[in-house]
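Here are a few notes to go with the model. Have a look at it first, then read on.

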Amino acid sequence: MDYGALITGIVVGIVVGTLSMLGLWVTVRSLASAQRPHVMLAASAGIRLLGLLAGLYFLAQSGPFALFGGLAGFIAARTVAIGLSRAEPRASFVSPRMDNH
């Protein structure tokens, strides 16, 4: 087993996954003020997909252990991003009718 390729794959997967999730976060935050949100969303998805495919292609050249590590790193970064987004405080809405105490 090639541990060096596996570790390299994990690190590259975490970087690619973090950049992908950060790109998604920036896109979602700016959709409300975009003049053409559908174009922005499609462009963001295309750029993030190209980045992911480029990272996986680079890892595939190093062998299956690097590719497996990259996929594991990407999934780990995605899991952390989802956990952080759920931990973010949300704005609460208080109905004016409930304020009449």
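Predicted model: local features only at pLDDT ≥ 70, side-chain atom pairs only at ≥ 80, totals over all residues.

Where is the place of Phe-68? Phe-68 sits in helix 3.

Before the points, some housekeeping. Residues are numbered from 1 along each chain as its sequence is written, and side-chain values use heavy atoms, with hydrogens and water left out.

1. Overall layout. The protein has 3 helices and 0 strands, and along the sequence the pattern reads α-α-α. Helices here are DSSP runs of H or I with at least four residues, strands are runs of E with at least two, and both are numbered from the N terminus. Of the 101 residues, 22% count as buried. Buried means under 20% relative accessible area, exposed over 50%, and partly exposed in between (1.4 Å probe, protein chains only).

2. Phe-68 counts as exposed because its relative accessibility is 55%, whereas Gly-69 counts as buried because its value is 0%. Phe-68 and Ile-10 are 58 residues apart along the chain, with 8.0 Å between their C-alpha atoms. For Gly-69 and Ile-14, the separation is 55 residues in sequence and 9.4 Å in space, C-alpha to C-alpha.

3. Helix 2. Ile-47 belongs to this helix. Ile-47 is classed as exposed because its relative accessibility is 60%.

4. The nonpolar patch. Ile-7, Val-11, Val-15, Leu-19, Leu-22, Trp-25 and Val-26 make a nonpolar surface patch of about 670 Å². Patch residues have over 30% relative accessible area and no salt bridge; like charges are joined within 9 Å, and nonpolar side chains (Val, Leu, Ile, Met, Phe, Trp, Tyr) within 5 Å. A salt bridge is a side-chain nitrogen of Lys or Arg within 4 Å of a carboxyl oxygen of Asp or Glu. One of the patch members, Val-11, is in helix 1 (residues 3-30) and counts as partly exposed because its relative accessibility is 45%.

5. The cavity. There is 1 cavity of 30 Å³ or more, and the largest cavity holds about 40 Å³ of space. A cavity is a set of points on a 1 Å grid where a 1.4 Å probe fits but cannot get out, and lining residues have an atom within 4 Å of a point. Its lining is Val-12, Gly-13, Val-16, Leu-52, Gly-55, Leu-56, Leu-59 and Gly-70. Helix 1 and helix 2 (37-60) are the elements giving two or more residues to that lining, and helix 2 gives the largest share, 4 residues. By type, the lining divides into 5 nonpolar, 3 polar and no charged residues, with Gly counted as polar.

Technical notes
Areas by Shrake-Rupley, 256 points an atom, 1.4 Å probe, with all protein chains shown as cover. 1 Å grid on protein atoms, 1.4 Å probe; cavity = no way out; pocket = protein on both sides within 12 Å on 5 of 7 lines; lining within 4 Å. Points joined across faces, edges and corners; volume = space filled by probe spheres on them.
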